[in-house]
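I opened my notebook with a few simple things to look up. Here is what I checked, in the order I checked it.

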Amino acid sequence: MGGVIALVVVLILLVVILMSCIKIVPQAHAYVVERLGAYQQTWSVGLHIKVPFIDTVAKRVVLKEQVVDFAPQPVITKDNVTMRIDTVVFFQITDPKLFAYGVENPIMAIENLTATTLRNIIGEMELDQTLTSREVINTKMRASLDIATDPWGIKVNRVELKNIIPPAAIQDAMEKQMKAERERREAILRAEGEKKSTILVAEGQKESAILEAEAEKQSAILRAEAEKEKMIREAEGEAEAILKVQKATADGIRMIREAGADEAVLRIKSLEAFEKAADGQATKIIIPSEIQGLAGLAASAKEIFK
């Protein structure tokens, strides 16, 4: 009975040992395996079996991109202004072996390296340049950190300046400057608005004057056309009256001729027409010789009829 129990215990121990030797590496992970304290191999994703009591998993490495937010670091600019800058570093482990054996504390090493690199870069720049050159600083830091961390099996993908905190006096001066700049822009916008308003008013007055002149022109054209039409109608009326007078005169002459009037009667009629013509404003009248003879004839006729 005791032998059976011992056998069961041995079998259980064997199962436990075998189970401990079976390792499954999950996705985006890698295991660094040592054999008798020396580096043996790096396990990637999948099922792996190690030698009991000889092989050990020295380090489990995460291959996904990682983010580290470092506390603000004091830095001094080229013009001797002290400020505090905190950075965010995005990195990824590319070589698990180098990461396991390259540096004792990789995260602390990256933090210290970031601080020293940032001080070197900011020390070559003035305050205004520092505040407006975030992208330049990010690029320089990423390049420097990527080169420095390459022997550690780490690739720095991106570095971002999270906050730039200048001294309180500098912040107050910057706020005053920004306020003055906003007031200047407001004054410029107001002046531009007034200028545009004045231009619009002037253009409106100009267009109004043009429309008034155009209306006056059209009115003058219409008046001229109406006066012309009136003159034409008056001329047509006078012409028609003259035609009617001429026609009446012709009809009278025709009637006289049809009545058999002699030349003496015709001359007397001409004399009567001349007498009517003499009723005007003329101060001097020239009498043709024919009418003078006609006047003598009229005098003779007057003596006869007495």
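**Entry 1: ground rules.** I am reading a predicted model, where local features need pLDDT of at least 70, side-chain atom pairs count only at pLDDT 80 or more, and totals for chains, interfaces and linings use all residues. Residues are numbered from 1 along each chain as its sequence is written, and side-chain values use heavy atoms, with hydrogens and water left out.

**Entry 2: confidence.** I looked up pLDDT, the predictor's confidence in each residue, from 0 to 100. The protein has a mean pLDDT of 81, and 82% of its residues reach 70 or more. Contact here means heavy atoms within 4.5 Å.

**Entry 3: the inventory.** I counted eight helices and nine strands. They are DSSP runs numbered from the N terminus (helices H or I, at least four residues; strands E, at least two). Of the 306 residues, 20% are buried. For burial I used relative accessible area with a 1.4 Å probe and protein chains only: buried is under 20%, exposed over 50%, partly exposed in between. Among contacts between residues at least 6 apart in sequence, 63% join residues at least 24 apart.

**Entry 4: the largest core.** Which residues touch the most other members of the largest nonpolar core? I found Ile85, Val89, Ile110, Leu118, Ile137, Met141 and Leu161, out of 29 residues in that core. Strand 8 (82–93), helix 3 (106–122), helix 5 (134–149) and strand 9 (154–165) each supply at least two of its residues. Helix 3 gives the most, with six. The rule for a core: buried Ala, Val, Leu, Ile, Met, Phe, Trp, Tyr and Cys residues joined through side-chain atoms within 4.5 Å. Ile110 touches Phe70, Val89, Phe91, Thr149, Trp152 and Ile154, not counting residues up to four places away in sequence. A second, separate core has five residues, including Tyr31, Val33, Trp43 and Val57.

**Entry 5: helix 3.** I checked the span next: helix 3 has 17 residues and reaches 24 Å from its first C-alpha to its last, close to the 24 Å expected. The expected span is 1.5 Å times one less than the number of residues. Its buried residues include Ala109, Ile110, Leu113, Leu118 and Ile121. Among the elements that cover the buried residues of helix 3 are strand 7 (73–76), helix 2, helix 4 (127–132) and helix 5.

Entry 6: Val156 lies in strand 9 and counts as buried at 0% relative accessibility. Leaving aside neighbours within four places in sequence, Val156 is in contact with Val89, Phe90, Phe91, Arg142, Leu145, Asp146 and Thr149. Val156 and Leu145 are eleven residues apart in sequence and 6.5 Å apart in space, C-alpha to C-alpha. Thr149, in helix 5, is also buried, with a relative accessible area of 0%. Beyond four places in sequence, Thr149 touches Ile110, Leu113, Ile154 and Val156.

**Entry 7: rings.** How many aromatic pairs are there? I get one, using Phe, Tyr and Trp rings (the six-membered one for Trp) with centres within 6.5 Å; planes under 30 degrees apart are stacked, over 60 edge-to-face and the rest tilted. The rings of Tyr39 and Tyr101 have centres 6.0 Å apart and planes at 85°, so they are edge-to-face. Tyr39 sits in strand 3 (residues 38–43) and Tyr101 in helix 2 (residues 96–102), 62 residues apart. Tyr39 is partly exposed at 30% relative accessible area, and Tyr101 is partly exposed at 40%.

I also looked for charges over rings (NZ of Lys or CZ of Arg within 6 Å of the ring centre and within 35 degrees of the ring normal). Arg60 lies over the face of Tyr31, 4.9 Å from the ring centre. Arg158 lies over the face of Phe90, at 4.4 Å.

**Entry 8: positive phi.** Phe53 is not a glycine, yet has a positive phi of about 65°. I found Phe53 in the loop between strand 4 (46–49) and strand 5 (55–62), exposed at 75% relative accessibility. Asn80 has a positive phi of about 60°; Asn80 is in the loop between strand 7 and strand 8 and is exposed, with a relative accessible area of 67%.
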